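Please keep the sequence and the model in view while working through the numbered points.

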Amino acid sequence: MNPLRYEFPADLPSALGASAGAGCMPIAGGTNLIDLMKERVTQPGTLVDLNQLALAQVEDGPDGGVLLGALMRNADTAYHPRVRTEYPLLSQAILAGASPQIRNMASNGGNLLQRTRCHYFYDVDLACNKRNPGSGCAAIGGVTRQHAILGASRHCIATHPSDMCVALAALEARVHVSGADGERVIAFADFHRLPGDQPEQDTTLAPGELITHIALPPAPQFAARSVYLKFRDRASYAFALVSVAAMLDLADDGTVREARIALGGVAHKPWRVPAAEQVLAGQAASPALFSAAADLILAEAVGQGGNDFKIPMAHRAVVRALMQAGGLT
Ligand SMILES: Cc1cc2nc3c(=O)[nH]c(=O)nc-3n(C[C@H](O)[C@H](O)[C@H](O)COP(=O)(O)OP(=O)(O)OC[C@H]3O[C@@H](n4cnc5c(N)ncnc54)[C@H](O)[C@@H]3O)c2cc1C
Ligand code: SF4
């Protein structure tokens, strides 16, 4: 039996104090952390329950955008009137994930920090550099259907499983965090890490820091021209093999003014390639043009055997998502 302390702080300063010690872990909805504890992947000495913090609302951002509270539930976020009308891409992505019951429980902060779904990570009898640094990676040479085709390292080939984060990457969100040294804001592109030689670190969050808000900049005028496509093994309740969040701003003559493309299920973080978006600007929208952008996004893609299919799947998904976002199908 492992002794476990439980703290239920009433405000952010108390939560920061309680989260600072070794072995302390915050818990929000618990939909990922409790599973990890049951599987003995994570064994915190103290759980710091964040659910009394006043961080469960949507607020107006100072720049005209919105601030999503870290404790707000994924379902409440997806169905919030401002999110549905101004950021439909985010609503679509959240609703493509998990199940209604899980989305009712899962928090926004927890969604960003959910851990990989690599099967080997969950089996404590197998080597895993993310769970046990230096022990090796049982996935390499193993069953790799869910694994990365981009940005992997010889130490870890895991993917980040979130749908919500793929839309947040395309929307250029920012993550507001608080810690012992005060508050800071992290650009979404810098929040999740590639595995490199430290796959145990999923993000750039420092020990003891808490996510307080996710800031969405003012919605681009073309936000309605967006689509989230998700390909998975079952029609629901399954993580993405490949997903694409696409936004497309088209002039009346069909010329691309701006495009945003982020991929999920393919890397240790949501994947964006600015050069691929830039190649579209000023060109006449067409399947051939979108295919050229997909070529650029996937130029460095490498399969692991069991996931080689993801490369052509991701290519087709990018083209289809852009066609749908532009209303061209
Ligand atoms: C069966 C199943 C299917 C799923 N399918 C999908 C899917 O298809 N797509 C998808 O995107 N997701 C899916 N999920 C994952 C789900 O979205 C996440 O489990 C959920 O978003 C995590 O949120 P939570 O509040 O429950 O986090 P918790 O489990 O409470 O915490 C997760 C992690 O975040 C940390 N944490 C939580 N809040 C904060 C904070 N504010 N500051 C700092 N640290 C914090 C915790 O310490 C922990 O490490 C699925 C989950 C399950 C169980
Ligand atoms: S891919 Fe990463 S998470 Fe999976 S076993 Fe290897 S090191 Fe662990």
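1. A residue is called buried when its relative accessible area is under 20%, exposed when that area is over 50%, and partly exposed in between. Glu172 has a relative accessible area of 37%, and therefore counts as partly exposed. Please bear in mind throughout that this is a predicted model.

2. Where is Glu172 placed? Glu172 belongs to the loop between α9 and β6. The phi angle of Glu172 is near 55°, which is a positive value in a residue other than glycine. Most residues other than glycine have a negative phi. Tyr237 is another entry of this kind, with a positive phi near 60°; Tyr237 is found in the loop between β9 (226–231) and β10.

3. The domain assignment of the protein gives domain 1 (5–48) and domain 2 (222–325). Taken over C-alpha atoms, the centres of domain 1 and domain 2 are separated by 36 Å.

4. The largest nonpolar core has 49 residues, and those with the most contacts inside it are Leu90, Leu112, Leu168 and Leu216. At least two residues of this core come from each of several elements, including α1 (12–19), α5 (88–95), β8 (210–216) and β10 (242–250). Which element gives the most to this core? The answer is α9, with seven residues. Domain 1 (5–48) and domain 2 (222–325) each supply at least three residues of this core. In soluble globular proteins, nonpolar side chains tend to be buried together.

5. Leu168 deserves a separate look. Leaving out residues up to four places away in sequence, Leu168 touches Leu90, Leu112, Ala173, Phe188, Ile214 and Leu216.

6. Is His213 buried or exposed? His213 counts as buried because its relative accessibility is 15%, and a residue is buried under 20%. His213 lies in strand β8. A polar contact of 3.2 Å joins the side chain of His213 to that of Thr212. Beyond its neighbours within four places in sequence, His213 is in contact with several residues, including Leu55, Glu59, Leu67, Arg174 and His176.

7. Pro312 lies in helix α13 (residues 310–325), and counts as partly exposed because its relative accessibility is 39%. Pro312 and Gly134 are 178 residues apart in sequence, and their C-alpha atoms are 33 Å apart in space.

8. How many residues surround ligand 1? There are 34, and the closest are Pro26, Gly30, Thr31, Ser107 and Asp163. Backbone atoms also deserve attention here. A backbone N or O atom of Pro26 lies 2.5 Å from an oxygen atom of ligand 1. For Ala28, a backbone N or O atom lies 2.8 Å from an oxygen atom of ligand 1, and for Asn111 the corresponding distance is 3.5 Å.

9. Ligand 2 is surrounded by 14 residues, of which the closest are Cys118, Cys128, Cys137, Cys156 and Ile157. Sorted by class, the shell around ligand 2 has ten nonpolar, three polar and one charged residues.

Conventions: Residues are numbered from 1 along each chain as its sequence is written. Chains are lettered from A and ligands numbered from 1 in the order in which they are written. This is a predicted model: local features need pLDDT of at least 70, side-chain atom pairs count only at pLDDT 80 or more; totals for chains, interfaces and linings use all residues. Side-chain values use heavy atoms; hydrogens and water are left out. A nonpolar core is a set of buried Ala, Val, Leu, Ile, Met, Phe, Trp, Tyr and Cys residues joined through side-chain atoms within 4.5 Å. Buried means under 20% relative accessible area, exposed over 50%, partly exposed in between (1.4 Å probe, protein chains only). Helices (H or I, at least four residues) and strands (E, at least two) are DSSP runs, numbered from the N terminus. Domain bounds come from an automatic or database domain assignment. Contact means heavy atoms within 4.5 Å. A residue is near a molecule or strand if one of its heavy atoms lies within 4 Å of it. Ala, Val, Leu, Ile, Met, Phe, Trp, Tyr, Cys and Pro count as nonpolar, Asp, Glu, Lys and Arg as charged, and the others, Gly among them, as polar. A polar contact is a pair of N or O atoms within 3.5 Å; within protein, one must be able to donate a hydrogen and the other to accept it, and residues adjacent in sequence count only if both atoms are side-chain atoms.
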